[in-house]
Amino acid sequence: MIASDDNELFINMDETETGVSFGKCLIDKYPGPAVETVVDSSRYFVLRFFNNIGQTAYLGIGFENRNESSEFSAAIQNYFKYAYPPFR
């Protein structure tokens with residue numbers, strides 16, 4: 001789930017049945033170290049997650065079609081576009 005709270009954008013990884021959080025991917029810029037696109041595909045990404053005790057894990061995600069992938073990417077880009085507009 002992509003969400004924002006207190007001027008932070010993050011992806012939460014929760015267990016479906018219990019709601020226990022496995023980790024959080026804090027996104028401070030896109031593209032960046034938290035969300036990286038895969039070089040040879042527009043449908044796959046690598047996410048960097050942290051858990052409550054400071055452990056880091058990298059998780060690869062893929063989308064079945066390009067529309068879903070584009071929506072994921074656009075959601076992140078739009079957050080930074082509207083939350084932090086460029087100086088004029």
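**Close-up views of a predicted single-helix model**

**View 1. Val35 has its place in strand S4.** Strands here are DSSP runs of E with at least two residues, helices are runs of H or I with at least four, and both are numbered from the N terminus. This is a predicted model, in which local features need pLDDT of at least 70, side-chain atom pairs count only at pLDDT 80 or more, and totals for chains, interfaces and linings use all residues. Residues are numbered from 1 along each chain as its sequence is written, and side-chain values use heavy atoms, with hydrogens and water left out. Val35 is buried, and its relative accessible area is 0%. Buried means under 20% relative accessible area, exposed means over 50%, and partly exposed lies in between, using a 1.4 Å probe and protein chains only. If residues up to four places away in sequence are not counted, Val35 touches Cys25, Ile27, Tyr30, Phe45, Val46, Leu47, Phe72 and Ile76; contact means heavy atoms within 4.5 Å. Val46 sits eleven residues from Val35 along the chain, and their C-alpha atoms are separated by 5.8 Å.

**View 2. Tyr30 and Pro31 are joined by a cis peptide bond.** The omega angle of this bond is about -10 degrees. As a reminder, most peptide bonds are trans. Pro31 belongs to the loop between S3 and S4, while Tyr30 is one of the residues that Val35 touches.

**View 3. Helix H1 covers residues 66-83.** Its 18 residues should span 26 Å at 1.5 Å a residue, and the end C-alpha atoms are 25 Å apart, which agrees. The expected span is 1.5 Å times one less than the number of residues. The buried residues of H1 are Ser69, Phe72, Ser73, Ile76, Tyr79 and Phe80. They cover an arc of only 115 degrees around the axis, so they are on the same side of H1; the arc is that of the directions from the helix axis to the C-beta atoms. The face turned away from this buried side carries the exposed residues Arg66, Asn67, Glu71 and Tyr82.

View 4. Follow the sequence and you will read the pattern β-β-β-β-β-β-α. Two of the buried helix residues, Phe72 and Ile76, are also among the contacts of Val35.

**View 5. Ser69 and Ala74 both lie in helix H1.** Ser69 is buried, with a relative accessible area of 3%. Apart from neighbours within four places in sequence, the contacts of Ser69 are Ser42, Arg43, Phe45 and Phe63. Ala74, by contrast, is partly exposed, at a relative accessible area of 29%. Between the C-alpha atoms of Ala74 and Val38, which are 36 residues apart along the chain, the separation is 16 Å.

**View 6. The C-alpha trace of the whole chain spans about 45 × 30 × 20 Å along its principal axes.** Of the 88 residues in the protein chain, 24% are buried. Among contacts between residues at least 6 apart in sequence, 31% join residues at least 24 apart.
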